[in-house]
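I opened this entry to record what I looked up in the structure. The notes follow in the order I made them.

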Amino acid sequence: MSVEVERKFLCNADTLKKLEEIGVCVGQQQIHDQYFDTPEFHLTLRDMWLRKRKGCWELKCPTAEAQSGKQGEAAASLCTRYKEITSLPEIHLRVKEVIKQDRESEAGFSQEDESWLSKLDLVCFAEFTTARCSFTLKEEGVQIDLDQADFGYHVGEIEVLISEGGDEQAALEKIRKTAEKLGLTGDQRVKGKMDVYLKRNHPEHYAKLLSEHIL
Ligand code: V4E
């Protein structure tokens with residue numbers, strides 16, 4: 001299982017110029033995401049994000065450190081870290097644990113059979129497409145994505161993947177150095193796509209997540 005450590009940033013013409021100087025564009029893609037939760041927001045209120053992307057299920061959830069509220073220095077607080085689970089039986093297990101469904105689901109675990117969704121009362125609450133341009137740096141292990149969501153929000157992210165229990169400090173340091181090279185000076189957390197999407201489309205859900213300090 002991998003942990004994604006990332007820092008979001010707003011990309012202006014200067015940032016893009018620097019990115020093209022220090023990075024190599026490794027591809028462009030269109031990503032269609034569908035996010036699922038119960039009508040009571042069981043998952044997202046626990047900062048768990050269940051999505052279907054390119055026909056595969058993914059669950060992003062907080063790491064043990066994030067859950068214990070350990071945040072570290074200011075530079076680290078600009079970054080997020082989430083475990084990424086891609087095994088469907090494990091996703092199902094974790095989701096079921098949170099929803100505390102009494103009734104055992106008899107659903108199988110194929111990517112095509114989606115009966116487990118309705119059995120757990122999961123519905124799609126957000127759906128959007130992102131045009132993504134990805135860059136890698138000469139420094140190994142850093143990826144930079146420039147995202148343009150179809151609802152009109154642009155955001156960049158510097159990300160480093162580590163294994164669970166891996167060296168998070170080293171990842172944060174790589175991100176800090178990359179941010180410096182890109183000339184990023186802001187010390188405010190930048191909103192992700194979901195933040196903007198929910199604020200516009202589901203203000204009640206958004207307000208609930210804000211009040212619980214999830215977003
Ligand atoms: C973790 C999370 C959400 C799920 C989507 O994560 P995000 O990294 O924003 O999307 P994307 O498309 O870049 O995924 P990737 O391709 O990198 O896997 S939606 C909200 N969160 C929580 C969250 C947060 N609290 N603060 C920030 C800055 N980002 C995300």
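**Ligand shell**

I began with the shell around the ligand, which by class holds 4 nonpolar, 2 polar and 5 charged residues. For these classes I counted Ala, Val, Leu, Ile, Met, Phe, Trp, Tyr, Cys and Pro as nonpolar, Asp, Glu, Lys and Arg as charged, and the others, Gly among them, as polar. The residues surrounding the ligand are K8, W49, K60, T80, Y82, E157, R189, G192, K193, M194 and L215; a residue is near if its C-beta atom, placed from the backbone, lies within 6 Å. Two or more residues of this shell come from each of β5 (79–85) and α7 (193–201).

**Model and confidence**

This is a predicted model, in which local features need pLDDT of at least 70 and side-chain atom pairs count only at pLDDT 80 or more, while totals for chains, interfaces and linings use all residues. Residues are numbered from 1 along each chain as its sequence is written. I noted ipTM 0.96 and pTM 0.91 for the model. The chain has an average pLDDT (the predictor's confidence in each residue, from 0 to 100) of 89, and 90% of the residues score at least 70. Confidence is lowest in helix α3 (residues 74–77), with a mean of 64, and highest in strand β3 (residues 49–53), at 98. Where pLDDT is low, the predicted coordinates should not be read in detail.

Buried residues make up 23% of the 215 residues. A residue is buried if 20 or more other C-beta atoms lie within 10 Å of its own, exposed if 12 or fewer, and partly exposed in between, with C-beta atoms placed from the backbone.

**Two single residues**

I placed G166 in the loop between β8 and α6. G166 is partly exposed because 14 other C-beta atoms lie within 10 Å. Its C-alpha atom is 8.3 Å from that of V3, 163 residues apart along the chain.

H92 sits in helix α4 (residues 88–99). H92 is also partly exposed, with 19 other C-beta atoms within 10 Å.

Technical notes:
Helix = DSSP H or I, 4+ residues; strand = E, 2+ residues; numbered from the N terminus.
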